[in-house]
Amino acid sequence: METKVVINISTPKQKGLLQTAELYKYIMGTSVYPREQQCLKELRAVTSTHPRAVMGTAPDVGQFMALLLKAINAKKTIEIGVFTGYSLLVTALTIPDDGKITAIDMNRSSYLIGLPIIEKAGVEHKINFIESEALPALDQLLKDPENKGTFDFAFVDADKADYANYHERVLELLKPGGIAVYDNTLWQGTVAMDEGSVPERKLATRKDSIEFNKYIAGDARVQISQVPLGDGITICRRN
């Protein structure tokens with residue numbers, strides 16, 4: 001007699017643990033802020049005065065990044081989208097003293113806001129900042145055979161419309177077992193909202209995020225996990 005397996009794909013009643021702002025504050029106050037290094041606190045404070053402060057990496061995401069970097073003993077990394085440099089400083093503090101970060105951003109002025117704090121932390125020597133749009137810079141890196149398959153870790157927080165294009169190039173740069181983290185993949189929760197209830201200014205990026213999430217979920221070249229930290233991050237491990 002054949003046994004039938006029934007798979008329940010209905011929406012679960014439980015929405016997850018973080019159903020209140022108080023619980024989020026508890027996590028941050030108990031586990032994140034007490035372990036955040038002083039230089040990171042300073043950079044976060046400086047970034048908070050920027051008109052586009054919302055673009056800064058969330059400190060809980062930074063903490064998780066540091067854990068990943070340590071877990072894989074990352075030494076050679078790349079960052080696409082730097083802003084004032086919070087995630088960049090997290091990486092520079094975590095990798096070895098002879099580690100290297102290729103940091104790409106088209107706006108050097110934002111990077112210069114955080115640079116004095118990075119210099120004070122004594123890790124600026126690990127950073128190669130490239131002022132450029134991301135795709136041309138990535139294509140230039142890939143022209144050098146020594147860059148292919150040699151990066152341990154990538155952090156991507158740039159134009160969401162190009163996430164799939166970044167991903168294709170990042171996979172060429174990552175070594176097998178390397179990790180890529182894509183930020184803002186839940187886009188303030190709008191990916192799960194009806195289009196009609198999403199503010200117009202968020203619609204385009206919502207569409208880009210939904211398309212990327214579908215694309216990455218179907219990519220057999222990587223193992224993935226989408227985690228509701230910050231604005232949502234998707235972690236990919238290259239097979």
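How many positive and negative side chains does the protein chain have, and how far apart do the centres of the two sets lie? The chain carries 28 positive and 30 negative side chains. The two centres are 5 Å apart. This is a predicted model.

**Overall fold**

Eight helices and seven strands make up the secondary structure of the protein chain. Some whole-chain values follow.

| Property of the protein chain | Value |
|---|---|
| Accessible surface | about 13300 Å² |
| Share of that surface on carbon and sulfur atoms | 54% |

**Helix 8**

Helix 8 covers residues 200-217. Its 18 residues should span 26 Å at 1.5 Å a residue, and the end C-alpha atoms are 26 Å apart, so the two values agree.

Which residues of helix 8 are buried? They are K202, T205, R206, D208, S209, F212, N213 and I216. An α-helix has 3.6 residues a turn, so residues three or four places apart point the same way.

What do the buried residues of helix 8 pack against? One partner is a helix, helix 7 (163-173). The others are strand 5 (174-183), strand 6 (222-227) and strand 7 (233-238).

Conventions:
Residues are numbered from 1 along each chain as its sequence is written. This is a predicted model: local features need pLDDT of at least 70, side-chain atom pairs count only at pLDDT 80 or more; totals for chains, interfaces and linings use all residues. Side-chain values use heavy atoms; hydrogens and water are left out. Helices (H or I, at least four residues) and strands (E, at least two) are DSSP runs, numbered from the N terminus. Accessible areas come from the Shrake-Rupley method with a 1.4 Å probe; for residues, only the protein chains shown count as cover. Lys and Arg count as positive and Asp and Glu as negative; His and the chain ends are not counted. The place of a charge is taken as NZ of Lys, CZ of Arg, CG of Asp or CD of Glu. The expected span of a helix is 1.5 Å times one less than its number of residues. Buried means under 20% relative accessible area, exposed over 50%, partly exposed in between (1.4 Å probe, protein chains only). Contact means heavy atoms within 4.5 Å.
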